[in-house]
Amino acid sequence: MAEQTEKAFLKQPKVFICSKKTGKGKRPGKGGNRFWKSIGLNFKTPKEAINGTYIDKKCPFAGNVSIRGRIITGYCHSAKMVRTIIVRRDYLHFVKKYQRYEKRHSNIPAHLSPCFRVKEGDHVVIGQCRPLSKTVRFNVLKVVPAGSSGGKKAFAGM
């Protein structure tokens with residue numbers, strides 16, 4: 001059963017809870033008592049989405065949202081909202097008159113599923129989906145922690 005933190009009873013719409021059959025395989029994630037899916041596009045479904053007990057209808061892995069359109073990378077600028085983060089994208093804009101580039105940025109609000117743990121500064125991959133609220137049109141698909149390798153090398157010394 002999911003954690004009931006809201007006033008309304010939360011459940012996944014595609015899972016029948018009141019089954020008379022009780023067995024060892026009826027825990028969430030084991031034996032089909034939880035709905036989850038692969039979103040495709042070479043993104044793996046997180047273990048927490050398969051084995052977790054959260055209910056989120058806006059989650060691309062365990063909810064009713066499909067990813068289509070743009071796939072964008074950026075880093076988490078703010079994680080202060082509930083299930084929503086601000087992703088900042090830095091880019092260069094060419095000014096033809098001066099033959100130079102200027103720095104610009106854009107902030108994109110994205111829905112953060114409970115299967116991810118994100119801190120400010122983490123690199124994230126977000127995918128476009130249907131409008132989830134007034135401003136949110138993207139969903140977090142992958143998180144790369146800020147301290148992991150893969151970017152610039154740290155000073156190695158001699």
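This is a predicted model: local features need pLDDT of at least 70, side-chain atom pairs count only at pLDDT 80 or more; totals for chains, interfaces and linings use all residues.
Residues are numbered from 1 along each chain as its sequence is written, and side-chain values use heavy atoms, with hydrogens and water left out.

Five strands form a closed barrel in the order S1-S2-S3-S5-S4, with mixed pairing. On average, neighbouring strands of this sheet are turned by 50° against each other, direction ignored. Strands here are DSSP runs (E, at least two residues) numbered from the N terminus, and two of them pair if DSSP finds at least two bridges between them; the axes are lines fitted to C-alpha atoms, and angles run from 0 to 180 degrees between N-to-C directions. Strand S4 (residues 123-128) and strand S5 (residues 138-144) run antiparallel and are joined by six bridges. Within this pair, Ile-126 stands opposite Val-140 in S5.

Turning to the cysteines, a search of the whole structure finds zero disulfides, a disulfide being a pair of cysteine sulfur atoms within 2.5 Å. The cysteine sulfur closest to that of Cys-59 belongs to Cys-115 and is 4.7 Å away, so the two are too far apart for a bond. Cys-59 is buried, at 0% relative accessibility, and Cys-115 is buried with a relative accessible area of 10%. Buried means under 20% relative accessible area, exposed over 50%, and partly exposed in between (1.4 Å probe, protein chains only).

Arg-83, in the loop between strand S1 (71-81) and strand S2 (84-95), has a positive phi of about 60° although it is not a glycine. Arg-83 is partly exposed, at 34% relative accessibility. Gln-99, in the loop between S2 and strand S3 (100-111), is not a glycine either, yet has a positive phi of about 55°. With a relative accessible area of 55%, Gln-99 is exposed.

Arg-83 returns in the largest pocket, whose 25 lining residues include Ile-55, Asp-56, Lys-57, Lys-58 and Arg-83 as the closest to its centre. The volume of this pocket is about 490 Å³. A pocket is an open set of points on a 1 Å grid over the protein atoms alone, where a 1.4 Å probe fits, with protein on both sides within 12 Å along at least five of seven lines; lining residues have an atom within 4 Å of a point. The volume is the space filled by probe spheres set on the points.

How values were computed. Helices (H or I, at least four residues) and strands (E, at least two) are DSSP runs, numbered from the N terminus.
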